[in-house]
Amino acid sequence: MIIEVPSVSPDALEMSNGGPPSDVVPSNVAPSDVAPSDLAPAPDEIVVTAREAPPPGDPLQEANIKSYRVIQSVDKALVAPVATGYQRVLPEPVRDGLGNALRNISEPVNFLNFLLQFKIGKAAETLGRFVVNTTFGVGGLVDVAKTKPFNLPYRRNGFANTLGFYGVEPGPYFYLPLVGPTTLRDMAGNGIALLVLPTTVGAPFNRPAYAVPTTVIKQLNDRIEGDAEITRLQEESLDPYVETRTLCLEKRQREIDALKGRSNDVAAIPATETVRETGTSVNSEASVGEELRASPPPSAGDPLPSGEHP
C-alpha cells in the first residue's frame, strides 16, 4: 500500500514555525547578504585549518619560536634584573674598561680574518690597534687607539664573515639559548674563533676560570647596551620573533656585502610574516616596522647577534 504525503510549501512551513528555520537561507537572498553568524558551523563541527610551511631560511621555525619565548621569559625574570644590578654596582668607566679589554683580546682574530679576506690595509690597522691599546692602553682597558693621533677605529671581523666572503650561504636560521639569533654559517665561524686563542696561545684562554667570567661580563655589558631595543620589541613590534629574524639576516647580509665592496646594495630579504601565538604563520605584505633598524635586536643570552661583524 502506498501512502501519499502531501507536500508542504516553504510559505506554509514558515507560517507553521513562526518564521524561517534558522539554518535555511531563503532562495531570494544572495549569499553576500547573509550574516556570518547565519553560516557559523554547528557546535559539534570540527574545523581544520592548514598550517603553512615555514619560510625557506627558517625550516625549524616552530622550534625557534618556542625557544624565543622561553629565552625572553628567562630574560625578563633573571637576566634583565641581574644586568640592572650589575649596572648599578659598577660605574660606567669600570664597565667600559672591562669591555675594552675583552674587545682588545679579539683583535688577533679580527686581524687574521682581514688577512684571509685580503684586506691588507684593515689588517694593518687592526694589528696597530692591538699593539697601541695593549701597551699604552694598559692591556686594552683604555681604547687609546681610537683617539688622536692614532685614529684607528675598531672593526670586528670573524671566520663567519670570511665564509660569507667566499660565498658560503647562511644556511638555516636558529634562535638558541646563550647565543640568540644565528645561522649555521655563523655558528661554524664562531666555533672556529673560540678555538684560536686557546689553541695558539694556551693559558689562560684555555681555562674555564678565564672563559666563564669573561663571557658573563661580555653578555651583561651587551644586555645593558641592548636594553632599549629589547623594550622596543616587547612594546611596539607586531611580531618580535619575525622582526628579530628579519633584522638579523639583513644585517649579516649587509656586512658580507660591505666586505665584497657592495655596501650600497640592499639585502634581499624574504617577505615578512606574522606569526600567531599558536606558532602558525600567515604571509603578509605588511612590514614588521616602519623601517628596518641598523642592527638586529638582542637576545636574552647574547644581546648582540652571534654572527661576527666587520
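At what angle do the axes of helix α9 and helix α10 cross? Hold on to that while I say what we're looking at. This is a predicted model, where local features need pLDDT of at least 70, side-chain atom pairs count only at pLDDT 80 or more, and totals for chains, interfaces and linings use all residues. Residues are numbered from 1 along each chain as its sequence is written, and side-chain values use heavy atoms, with hydrogens and water left out.

Okay, back to the helices. The axes of α9, residues 227–236, and α10, residues 240–259, cross at roughly 135° and come within 9 Å. When I say helix or strand, I mean DSSP runs numbered from the N terminus: H or I with at least four residues for helices, E with at least two for strands. Axes are lines fitted to C-alpha atoms, for helices over the stretch in contact, and the angles run from 0 to 180 degrees between N-to-C directions. On our scale, under 35 degrees counts as roughly parallel, over 145 as roughly antiparallel, 65 to 115 as roughly perpendicular, and the rest as oblique. So α9 and α10 are oblique to each other.

Who meets whom there? From α9 we have E229, R232 and L233, and from α10 they meet P240, E243, T244 and L247; contact here means heavy atoms within 4.5 Å. The residues of that contact divide into 3 nonpolar, 1 polar and 3 charged. For the record, Ala, Val, Leu, Ile, Met, Phe, Trp, Tyr, Cys and Pro count as nonpolar, Asp, Glu, Lys and Arg as charged, and the others, Gly among them, as polar.

Now the second pair, α2 and α8. Their axes are 9 Å apart, and the helices pack at an angle of about 95°, so these two are roughly perpendicular to each other. On the α2 side you'll find D75, V79, A80, V82, A83, Y86 and Q87, meeting I217, L220, N221, R223 and I224 from α8. This contact divides into 8 nonpolar, 2 polar and 2 charged residues.

A80, in helix α2, has a relative accessible area of 17%, so A80 is buried. Buried means under 20% relative accessible area, exposed means over 50%, and partly exposed is in between, with a 1.4 Å probe and protein chains only. Not counting residues up to four places away in sequence, A80 touches D75 and R223. The C-alpha atoms of A80 and D227 are separated by 8.3 Å, though they're 147 residues apart along the chain.

The other is N221, which lies in α8, residues 208–225. N221 counts as buried too, at 10% relative accessibility. Setting aside neighbours within four places in sequence, N221 is in contact with Y86, R95 and G99.

On to the core. Which residues make up the largest nonpolar core? There are 8: I65, Y68, I71, Y173, Y175, Y241, V242 and C248. A nonpolar core is a set of buried Ala, Val, Leu, Ile, Met, Phe, Trp, Tyr and Cys residues joined through side-chain atoms within 4.5 Å. The elements giving two or more residues to this core are α2 (61–89), β1 (173–176) and α10.

Next up, α4, residues 107–116, where E107, V109, N110, N113 and F114 are buried. They cover an arc of only 160° around the axis, so they sit on the same side of α4; the arc is that of the directions from the helix axis to the C-beta atoms. What covers these buried residues includes α3 (92–105), α5 (120–135), α6 (159–165) and α7 (184–200).

I105 counts as partly exposed at 23% relative accessibility, and beyond its neighbours within four places in sequence, I105 is in contact with L197, F205 and Y210.

Most residues other than glycine have a negative phi, and most peptide bonds are trans. F118, in the loop between α4 and α5, has a positive phi of about 60° without being a glycine. F118 is also exposed, with a relative accessible area of 65%. In the loop between α5 and α6 there's N151, whose phi is positive, near 55°; N151 is partly exposed at 46% relative accessible area. P149 lies in the loop between α5 and α6 as well, and a cis peptide bond joins K148 and P149, with omega about 5°.
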